[in-house]
Amino acid sequence: MTEKLEKIDFYYYSPTGGTKKAGMLTAEGLTELVYRIDLGQKGPFEPGDNATALFALPVFSGRLPAFAAEKIKQLDGTGKTAVTMVVYGVRAYEDALLELNDLVRNAGFKIAGSAAVIARHSIVPEVGAGRPNEQDKKELVEFGQKALQNIDDKHYPELNIPGNRPYKDLPNNTNTPICTDECTKCGVCINSCALGAISLQNKEIITDAEPCILCMACVAACPMKARILPEPVQAGTNAKLSPLKEIYRENEFFI
Ligand SMILES: Cc1cc2nc3c(=O)[nH]c(=O)nc-3n(C[C@H](O)[C@H](O)[C@H](O)COP(=O)(O)O)c2cc1C
């Protein structure tokens, strides 16, 4: 069996944890040590310097979160290898994995393997509930091991990733999560927001719709469970995604 890599850079954005979980399972098959680089972290962006990078990003409306894509554009992957993954909530990943692979290749990396992985839908958690499950965990570790073998063999296969160029348009968001009466203005939501969309003004939590991408990080982070989507937005999304509650979608591996 191929010896695991000593250390890799793990670039991820995971507002509610599913993407990070899927990436860490893949890392288990690939490497002994993981240098984590959270693309959602505010402040200066410090790339890693390991020879192999794992990228894991969530799918939002069939695309990648644009701010995270911009950070990947800043990397220099010349002479480095990468493993790529998008994580989505059962509906579809559309152009997201193609977009990620284009970004990573344009940055100079050679790609040893890619995956489109299912996790719980962060707006309607009954969709993809319990994912990644035990079977997913096994598949993700195995995917990491196969990617490791490709890296060891210097084999960078033709991956035939589905999707279209130009990619589908990014949605124009006008909604944001809101605070209920349970809000204690503790500020956890402010710190959780990668886009800096939330602030405290005149003792009120204010959310700016322009930068907000409805990623649900603030909703997941709130210790009082006082951040929610406006009722019509939540109800509309529930109605749209409800048929997916019955669907078990398999992960896809391109390796
Ligand atoms: C704003 C938004 C848009 C989403 N768009 C899609 C989508 O187009 N297709 C899909 O299957 N899941 C979609 N999802 C579900 C997420 O991709 C999925 O829950 C993912 O696991 C979120 O990553 P996280 O768990 O790291 O936060 C969307 C979620 C959010 C919050």
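**Entry 1: Lys154**

I started with Lys154, which counts as exposed because its relative accessibility is 65%, above the 50% cut-off for that label. I kept in mind that this is a predicted model. Lys154 sits in the loop between H4 and S6. I checked its backbone next: phi is positive, about 50°, although Lys154 is not a glycine. That positive phi comes just after H4.

**Entry 2: the other lysine**

I found Lys203 in the loop between strand S7 (198-201) and strand S8 (204-207). Buried or exposed, I asked of Lys203? Lys203 is exposed, because its relative accessible area is 70% and the label needs over 50%.

**Entry 3: cis peptide bonds**

I went through the peptide bonds. The one from Arg131 to Pro132 is cis, with omega near -5°, and Pro132 falls in the loop between S5 and H4. I also noted a cis bond from Arg165 to Pro166, again with omega near -5°. Pro166 is placed in the loop between H4 and strand S6 (178-179).

**Entry 4: helix H4**

I looked at H4 from its start. There, a side-chain oxygen of Asn133 comes within 3.1 Å of the backbone nitrogen of Gln135.

I listed the buried residues of H4: Asp136, Glu139, Leu140, Val141, Phe143, Gly144, Ala147, Leu148, Asn150 and Ile151. An α-helix has 3.6 residues a turn, so residues three or four places apart point the same way. Among the elements covering the buried residues of H4 are S1, H1, S3, S4, S5 and strand S10 (252-254).

**Entry 5: helix H1**

I ran the length check on helix H1 (residues 18-30) too. Its 13 residues should span 18 Å at 1.5 Å a residue, and the end C-alpha atoms are 19 Å apart, which agrees. In H1 I noted Gly18, Thr19, Ala22, Gly23, Leu25, Thr26, Ala27, Gly29 and Leu30 as buried. What do these buried residues pack against? I found strand S1 (5-12), strand S2 (31-38), S3, S4, S5 and helix H4 (134-153).

I zoomed in on Thr19, which lies in H1. Thr19 counts as buried because its relative accessibility is 5%, under the 20% limit. Leaving out residues up to four places away in sequence, Thr19 touches Tyr13, Ser14, Ala56, Leu57, Pro58 and Val87.

Ser14 is in the loop between S1 and H1. Ser14 is buried as well, since 15% relative accessibility is under 20%. A polar atom of the Ser14 side chain is 3.2 Å from the backbone nitrogen of Gly17. With residues up to four places away in sequence set aside, Ser14 touches Thr19 and Lys20.

**Entry 6: the ligand**

I counted 26 residues around the ligand, with Ser14, Thr16, Thr19, Val59 and Arg120 the closest. Then I went over some backbone contacts. A polar backbone atom of Pro15 is 3.5 Å from an oxygen atom of the ligand. For Val59, a backbone N or O atom is 2.7 Å from a ligand oxygen. For Gly89, a backbone N or O atom is 3.0 Å from a ligand nitrogen. How much of the ligand does the protein bury? The ligand alone exposes 640 Å², and 95% of that is buried by the protein.

**Entry 7: nonpolar cores**

I finished with the largest nonpolar core, which has 57 residues; Phe55, Ile72, Val86 and Leu100 touch the most other members. Elements giving two or more residues to this core include strand S3 (52-58), helix H2 (66-73), strand S4 (81-88) and helix H3 (96-106). H3 gives the largest share, six residues.

I traced Phe55: beyond residues up to four places away in sequence, Phe55 touches Tyr11, Ile72, Leu75, Ala82, Val83, Thr84, Met85, Leu100, Val104 and Phe109. I also noted a second, separate core of 22 residues, including Ile8, Tyr12, Ala115 and Ala119.

Note on methods:
Residues are numbered from 1 along each chain as its sequence is written. This is a predicted model: local features need pLDDT of at least 70, side-chain atom pairs count only at pLDDT 80 or more; totals for chains, interfaces and linings use all residues. Side-chain values use heavy atoms; hydrogens and water are left out. A nonpolar core is a set of buried Ala, Val, Leu, Ile, Met, Phe, Trp, Tyr and Cys residues joined through side-chain atoms within 4.5 Å. Buried means under 20% relative accessible area, exposed over 50%, partly exposed in between (1.4 Å probe, protein chains only). Helices (H or I, at least four residues) and strands (E, at least two) are DSSP runs, numbered from the N terminus. Contact means heavy atoms within 4.5 Å. A residue is near a molecule or strand if one of its heavy atoms lies within 4 Å of it. A polar contact is a pair of N or O atoms within 3.5 Å; within protein, one must be able to donate a hydrogen and the other to accept it, and residues adjacent in sequence count only if both atoms are side-chain atoms. Accessible areas come from the Shrake-Rupley method with a 1.4 Å probe; for residues, only the protein chains shown count as cover. The expected span of a helix is 1.5 Å times one less than its number of residues.
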